[in-house]
Amino acid sequence: MKILTSPSSFGQVGNEPVELLVQNGYEVINNPYGRKLTEDEVIEIAKDCVGIVAGVEPLTARVMDALPNLKCISRVGIGMDSVDLKYASEKGIIVTNTPDGPTRAVAELTLAMTLSLLRKIPQAHADLRNKVWKKQVGNLFLNKVVGVVGLGRIGKLVSQLFRGIGNPVIGYDPYADAAWATDNGVELVDFNTLLTKADIVTIHVPGNEDGSVVIGTKQIDLMKTGGFLINISRGGIVDEDALYNALSTNKLTGAAIDVFSAEPYAGPLCDLDNVVLTPHLGSYAEEGKLLMEIDAVKNLINALK
């Protein structure tokens, strides 16, 4: 009756998720490394576990084959690309996620990152911390067209937040809810039209099934010169080399990125002044994070019952 809680920060904002597991008779095994686990580490730590409260570690066919007692994978968060869902189904392993938990936190971070990027708040803060009094000249939100790529739970809330402060919003989603868009003042357009019309492009999609980028050189070329790009969705969705070139040549004025193809990230984007970079903390708001962890534990307990 052992459960691995693999997210490195699990239980840090509140002990309720751990207490729920203990109260239901489970022995909790925590991630001892303080970072994302590798396949080998999952196999080592979870060898006797019946369930995993999962982060973004790779839960591949190899991992599942090495865990004979595993009955449930309960993801803390939305994305399921780290789990081999087809193989889990073949093995009879139940896989769940928490689609509602991170919505508000990610949407609010999108707004915060965009405001910080346009007004160069991090750069001004860094200057003053170094005792340099330098007034950064940024840009207004006023009249900027916001293009939202992906109109799921998060994309819809992001659209509503931007509309709430008076921005025109256009959106693209192959399965868009036209009635919702009309009710919320969001103009639905195709992907290329969004790229060409938007001043600010913000991405909220799970990525392409084949792992190819959603925003690469071709897509950046379609964007407005001087535009802004925000990615709070998934690493690998944006071609980081293409983005670096666009920012270095001033094709784009700036970008705000929370997710990267390889994490922890220490790549060339760190060397640019016209970016705001954060370490994959989209869901890291106390209220939202605790809710996700509790929901993930409840999902696991219900599945195992």
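Seven strands form an open sheet with parallel pairing, in the order β8-β7-β6-β9-β10-β11-β12. Strands (E, at least two residues) and helices (H or I, at least four) are DSSP runs numbered from the N terminus, and two strands pair if DSSP finds at least two bridges between them. At the edges stand β8 (186–188) and β12 (275–277), each pairing on one side only. From one strand to the next the twist averages 20°, with axes fitted to C-alpha atoms (for helices over the stretch in contact) and angles from 0 to 180 degrees between N-to-C directions.

This is a predicted model, in which local features need pLDDT of at least 70, side-chain atom pairs count only at pLDDT 80 or more, and totals for chains, interfaces and linings use all residues. Residues are numbered from 1 along each chain as its sequence is written, and side-chain values use heavy atoms, without hydrogens and water.

Within the sheet, β10 (residues 227–231) and β11 (residues 252–257) are joined in the parallel sense over five bridges; N231 stands opposite I257 in β11. Helix α5 (residues 103–119) lies across β9 (200–203), β10, β11 and β12, at about 145° to β10.

The second largest pocket is lined by 20 residues, with Q123, L272, D273, N274 and V275 nearest its centre. Helix α6 supplies the largest share of this lining, four residues, while α5, α6 (121–129), β11 and β12 each supply at least two.

Terms used
Contact means heavy atoms within 4.5 Å. On a 1 Å grid over the protein atoms alone, a cavity is a set of points where a 1.4 Å probe fits but cannot get out, and a pocket is an open set with protein on both sides within 12 Å along at least five of seven lines; lining residues have an atom within 4 Å of a point.
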